[in-house]
Amino acid sequence: MIVTTKELLKEGETQYSIKQKIINKKIILIRRGIYSFDNENYISEGYICRKYPNVVITGISAFSIYNLTDYIPKMIYVASRQHSYPINMKEIKQSYQSNRFFDVGVTTISLNKEEIRIYDLERLLIELIRLKESYPKDLYYDVLESFRKIKHTLDFYKISEYARNFNNPSLLLNKIKELI
């Protein structure tokens with residue numbers, strides 16, 4: 001579980017007691033101000049969402065979290081608002097999206113006891129179709145097949161509402177109907 005210094009201080013810890021817990025290996029310092037109770041020192045989606053609260057998990061990472069593919073990404077794929085400050089971490093692949101549609105489909109889920117911001121399935125379907133060329137072909141078809149299997153759970157009204165925020169919404173919807 002990932003916690004911040006602020007949260008530890010709210011729970012009654014002091015800067016001194018936090019340092020002592022690090023020395024005694026009761027908590028692990030991941031990066032300045034971010035700690036883990038787990039024995040592994042790793043960068044997780046929860047950590048990324050804590051450190052950078054304005055990013056959204058997207059792309060291959062989101063497909064993997066929703067079990068749309070068995071591909072395990074080597075990096076965590078996040079979306080940021082256009083003109084956001086770049087994240088300089090080798091574990092993160094950052095993309096920038098227009099403010100017009102950045103918030104469309106953002107939801108919060110719990111993953112390994114950590115809250116993460118991620119796009120919902122309907123938005124991810126739109127992203128898959130919009131950005132087809134940016135994915136490896138085998139991954140694209142694997143995820144597309146997974147969407148076909150769960151199409152009865154998708155909210156097509158939501159998809160059509162989301163599509164209105166993008167360029168050529170009718171073309172985008174026609175392509176989705178054709179493929180799904």
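A residue is called buried when its relative accessible area is under 20%, exposed when over 50%, and partly exposed in between, with a 1.4 Å probe and protein chains only. The structure described here is a predicted model, in which local features need a pLDDT of at least 70 and side-chain atom pairs count only at pLDDT 80 or more, while totals for chains, interfaces and linings use all residues. Residues are numbered from 1 along each chain as its sequence is written, and side-chain values use heavy atoms, with hydrogens and water left out.

The pLDDT, which is the predictor's confidence in each residue on a scale from 0 to 100, averages 90 over the chain, and 98% of the residues score at least 70. Secondary structure was assigned as DSSP runs numbered from the N terminus, with helices (H or I) of at least four residues and strands (E) of at least two, and on this basis the chain contains 8 helices and 8 strands. Among these elements, the highest mean pLDDT, 97, belongs to strand S4 (residues 56-57), and the lowest, 77, to strand S2 (residues 28-31). Taken along the principal axes, the box filled by the C-alpha atoms is roughly 60 × 30 × 30 Å. Of the 180 residues in the chain, 43% are buried. With contact taken as heavy atoms within 4.5 Å, residues 24 or more positions apart account for 52% of the contacts with a separation of 6 or more.

In soluble globular proteins, nonpolar side chains tend to be buried together. A nonpolar core is here a set of buried Ala, Val, Leu, Ile, Met, Phe, Trp, Tyr and Cys residues joined through side-chain atoms within 4.5 Å. The largest such core in the chain has 48 residues, and those with the most contacts inside it are Ile57 and Phe147. Apart from this core lies another, of 5 residues, which include Val3, Leu8, Ile18 and Ile27. When neighbours within four places in sequence are left aside, Phe147 is in contact with Phe63, Leu68, Leu121, Leu124, Leu125, Leu128, Leu154 and Ile180.

The axes of H5 and helix H6 (residues 137-149) come within 11 Å and cross at roughly 145°, and the crossing is left-handed, a term used if the near helix is turned anticlockwise from the far one by less than a right angle, right-handed being the term if clockwise. In this pair, Leu121, Leu124, Leu125, Leu128 and Ile129 of H5 meet Tyr140, Val143, Leu144 and Phe147 of H6.

Helix H5 (residues 121-130) also packs with helix H7 (residues 156-163), at an angle of about 55° and with the axes 9 Å apart. Angles under 35 degrees count as roughly parallel, over 145 as roughly antiparallel, 65 to 115 as roughly perpendicular and the rest as oblique, and H5 and H7 are therefore oblique to each other. Their crossing is right-handed, and it brings Glu122, Arg123, Leu125 and Ile126 in H5 to meet Lys158, Ile159, Tyr162 and Ala163 in H7. Against helix H8 (residues 169-179), H5 packs at an angle of about 95°, with the axes 10 Å apart, so that H5 is roughly perpendicular to H8. Here Leu125, Ile126, Ile129 and Arg130 in H5 meet Leu172, Lys175, Ile176 and Leu179 in H8.

Leu171, which lies in helix H8, counts as exposed at 57% relative accessibility; the C-alpha atoms of Leu171 and Glu122, 49 residues apart along the chain, are separated by 16 Å. In the loop between H7 and H8 lies Asn168, which has a positive phi of about 50° although it is not a glycine, and which is exposed at 52% relative accessibility. A positive phi, near 55°, is also found at Asn112, a residue other than glycine, placed in the loop between strand S7 (106-111) and strand S8 (114-119) and exposed with a relative accessible area of 61%.

Tyr85 is placed in the loop between strand S5 (76-81) and strand S6 (92-97) and, at 70% relative accessibility, counts as exposed. Leaving aside neighbours within four places in sequence, Tyr85 is in contact with Gln94 and Tyr96. From C-alpha to C-alpha, Tyr85 and Ile129 are 27 Å apart in space and 44 residues apart in sequence.

Definitions and conventions
Axes fitted to C-alpha atoms, helices over the stretch in contact; angles between N-to-C directions.
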